[in-house]
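Here are some notes to read beside the model. Keep the structure open and follow the points in order.

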Amino acid sequence: MLELVGGLLSVTFDVFTQKLQLFRLPSLADIGGPVEGCTCIVTGPTSGIGRETASTLARRNAHVVLACRSLERGEKLRKALLEEGAKNGKTPSLEVQILDVACLDSVRKFASSWQQRPLHILVNNAGMFTMGAGRVVTKDGFEGHMGTNFLGPFLLTMLLLPCMQRTAKVSNHGHPIRVVNVSSKMHELSPGIDVRDPHFAKGRAYSSLAAYNRSKLAQVVFTAELRRRLPAESGIVTTAVHPGEVMTDVVRTLPGLMQTAYRFFMRPFCLSPAEGARGFVEYMK
Ligand SMILES: NC(=O)c1ccc[n+]([C@@H]2O[C@H](COP(=O)([O-])OP(=O)(O)OC[C@H]3O[C@@H](n4cnc5c(N)ncnc54)[C@H](OP(=O)(O)O)[C@@H]3O)[C@@H](O)[C@H]2O)c1
């Protein structure tokens, strides 16, 4: 109980003081290192923090795979990023691939189509938070947050690991291969993972907040374990990064009036997507 109160206070403190705490952090354009020639996968690039991350990598001449669950939204994004690039006299290297991280079949299909391709940076950004809504279940029968935020990205990472290991052996761009898991400080509010009922299936009081926090805790634990299993000599670095409280479409499931109220009251305290993406880009060097 004490831990929960402590976590709640810490998260609340961070939300309302983050702008003050981060005011010295350089802008996105001045962060991170060169990624020219790297192949990067960004999941969930169609909005928010993922879009900023994908467009930053593309601007820096990486080959960016836009891993989206909707071909239409992916192509729209690719067109927009090409137009952004053209304004600066560049032609970004972009590719749209279908990936629904909430569906294990889709994850397997994506990974098997990758085959022998190199992979330098995997950004597991796609995620959901059905704030205020009821329990949803993925096609595979997992609780929605657990399936989308942890189990899908976990499988994707493990299936692509051999590609990253191969790339690490032959890579000569001087930087480690990266797995960047977009995490959340909210994981601190989860009291733990009930391994007998990880999907809130046994009629226990469900809340989308508890489910989101649990899925993010699972992701942080996975990151720590993968780091432990991949020694420095492997050339692969795994990181979990909290982007801060960022004004994105993350509130899309709230009723219209609540969304408006959230945006109105929280805007002064929230980071922009570009400010939120700084954490990940910083690790890409
Ligand atoms: N915003 C914050 O304050 C905050 C704080 C801490 C952590 N985070 C984390 O940051 C990440 C990005 O969130 P955001 O705030 O930028 O939210 P967002 O604007 O809602 O973006 C989420 C992205 O994930 C994609 N996505 C959702 N479910 C997917 C699925 N099953 N398969 C493939 N793509 C899927 C969405 O694609 P569609 O266009 O298809 O919907 C969208 O591109 C999430 O992991 C979130 O938990 C955010």
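**Notes on the strands**

1. Start at Ile-121. This residue sits in strand β4, which covers residues 121-124. Keep in mind that the model is predicted.

2. Is Ile-121 buried or exposed? Its relative accessibility is 4%. The cut-off for buried is under 20%, so Ile-121 counts as buried.

3. Ile-121 and Ser-234 are 113 residues apart along the chain. Their C-alpha atoms are separated by 14 Å.

4. Move to strand β2, residues 63-68. The strand is mostly covered, and six of its six residues are buried. Look at both faces. His-63, Val-65 and Ala-67 point one way. Val-64, Leu-66 and Cys-68 point the other way. The residues of both groups are all buried.

5. Which strand do five bridges join to β2? The partner is β1, residues 39-43, and the two strands run parallel. The chain gets from β1 to β2 through helix α2, residues 48-59. This β-α-β crossover is right-handed.

6. Val-64 has Leu-94 in β3 as its bridge partner. Here the helix is α3, residues 71-87. Together, β2, α3 and β3 make a right-handed β-α-β unit.

Conventions:
Residues numbered from 1 in each chain as written. Predicted model: local features only at pLDDT ≥ 70, side-chain atom pairs only at ≥ 80, totals over all residues. Heavy atoms only, no water. Helix = DSSP H or I, 4+ residues; strand = E, 2+ residues; numbered from the N terminus. Buried < 20%, exposed > 50% of the residue type's maximum accessible area, 1.4 Å probe, protein only. Pairing = 2+ DSSP bridges. Right-handed = clockwise from strand over helix to strand, strands pointing away.
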